[in-house]
Amino acid sequence: MFTAENWPIGANMLSFGSTTSDGTPTLEAPSTVWASQLRQVKELGVDQIDPTDAWLPLAKLSDERVEEFRRVLDGEGMTLSSISMTRNSVVDVEHGEENLADALRFIELAPSFGVSVVNTGFMQALTEKQAKAIWFWLEDGHVDDPALRDLAIERTRRLGDAAKAQGIQLSLEMYEDTYVGTADEAVSFVTDVDHEAVGLNPDIGNLVRLHREVEPWPDMFEKVLPHSNFWHIKNYTRDYDPATGAYSSAPMPLKYGYINYRSVIRRALELGYTGPFCCEHYGSDSLGVIAENVHYIRQVLASALAESA
């Protein structure tokens, strides 16, 4: 069992983007660029990251560059809390086979970095309208094809088998209009997968930001937390005007948003949650907010664990 001080809580590196300031893909950038970005995280008092493939796709690196990345991590005194895949569905009609191979590569690499969970999901690339919107979730995006659900289950089981063989877990990220797009759909999907190494990532933040009706967050968490093994954690404001039918939402630090994460994290622990956290935030100084969120989670954990000791 982890303590509040050593619980794996990483900063998502998405805020640095997938290219450098001169347009060079982070994948091809010199390791000095990686080190500089890691140092910015470390300076905020955070020593773990999740190297999402939207920042640095480790699965695409040569063995030599993987070792180069490992040396940079060690040099900056950093470790990995988890590894996440973003918008690379294993049932993408065009790229599903390639994404499956990448997921298997992530699973293969994870133990050597001390990572206990690899996160994936069924969300796909942003549409042109989403990319142009002030917040991408204000426009409708990809919708999973029910005809491919059996294939999604089959490939998820294959990833689960690979994860089990490596002694780690696979987590499925909740995201609107995918096979795990609501609490009920997520529980149904992971139940149908029926694999001991496969759980859910209860990223309810992806849902409460939507400008549409969604299930109350306490009800969603109560359904999915018993199946959860990893957690992309973020918060938003959420408002609804019944007179006009208008919704509004905006990213917020964990302790200020719509979801009461003090109560949710404590409830997760009651239900036996032991997985890593990965802090995310969009807009503003996202890295600075992520650092505040890491420290907030540790305080909540310290309080909850002290009571249960």
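# Close-up views of a predicted model

**View 1. N293 and its contacts.** Leaving aside neighbours within four places in sequence, N293 is in contact with P253, L254, C279 and E280. The model shown here is predicted. N293 belongs to helix α10, which covers residues 286-308. Is N293 buried or exposed? N293 counts as buried, because its relative accessibility is 2%. One of the contacts of N293, C279, returns in the next view.

View 2. A disulfide needs cysteine sulfur atoms within 2.5 Å. The whole structure was searched, and zero disulfides were found. C278 is buried, at 0% relative accessibility. C279 is buried too, with a relative accessibility of 0%.

**View 3. The buried side of helix α9.** Helix α9 runs through residues 261-270. Which residues of α9 are buried? They are Y261, V264, I265, A268 and L269. These residues cover an arc of only 140° around the axis, so they sit on the same side of α9. What covers them? The cover includes the helices α7 (205-208), α8 (217-224) and α10. The strands β8 (231-233), β9 (235-241) and β11 (277-279) are also among the covering elements.

View 4. Look at the N-terminal end of the helix first. N260 caps this end of α9. A side-chain oxygen of N260 lies 3.1 Å from the backbone nitrogen of R262. Now go to what comes after the helix. G272 follows α9. The phi of G272 is positive, near 95°.

View 5. The structure holds 21 aromatic pairs. One of them joins F221 and Y261. Their ring centres are 6.2 Å apart. The angle between the planes is 75°, and the pair is edge-to-face. F221 lies in helix α8 and Y261 in helix α9, so the pair ties together parts that are 40 residues apart in sequence. Are these two residues buried or exposed? F221 is buried, with 3% relative accessibility. Y261 is also buried, at 1%.

View 6. Y273 and F277 form another aromatic pair. This pair is edge-to-face, with 5.6 Å from centre to centre and 65° between the planes. Y273 is buried, at 2% relative accessibility. F277 is buried as well, with a relative accessible area of 0%. Which residues do ring pairs link into a cluster? The cluster contains F2, W7, W217, F221, W231, Y261, Y273 and F277.

Key. Residues numbered from 1 in each chain as written. Predicted model: local features only at pLDDT ≥ 70, side-chain atom pairs only at ≥ 80, totals over all residues. Heavy atoms only, no water. Buried < 20%, exposed > 50% of the residue type's maximum accessible area, 1.4 Å probe, protein only. Helix = DSSP H or I, 4+ residues; strand = E, 2+ residues; numbered from the N terminus. Contact = heavy atoms within 4.5 Å. Arc of directions from axis to C-beta. Polar contact = N/O pair within 3.5 Å; in protein donor to acceptor, adjacent residues only side chain to side chain. Phe/Tyr/Trp six-rings, centres within 6.5 Å; stacked < 30°, edge-to-face > 60°.
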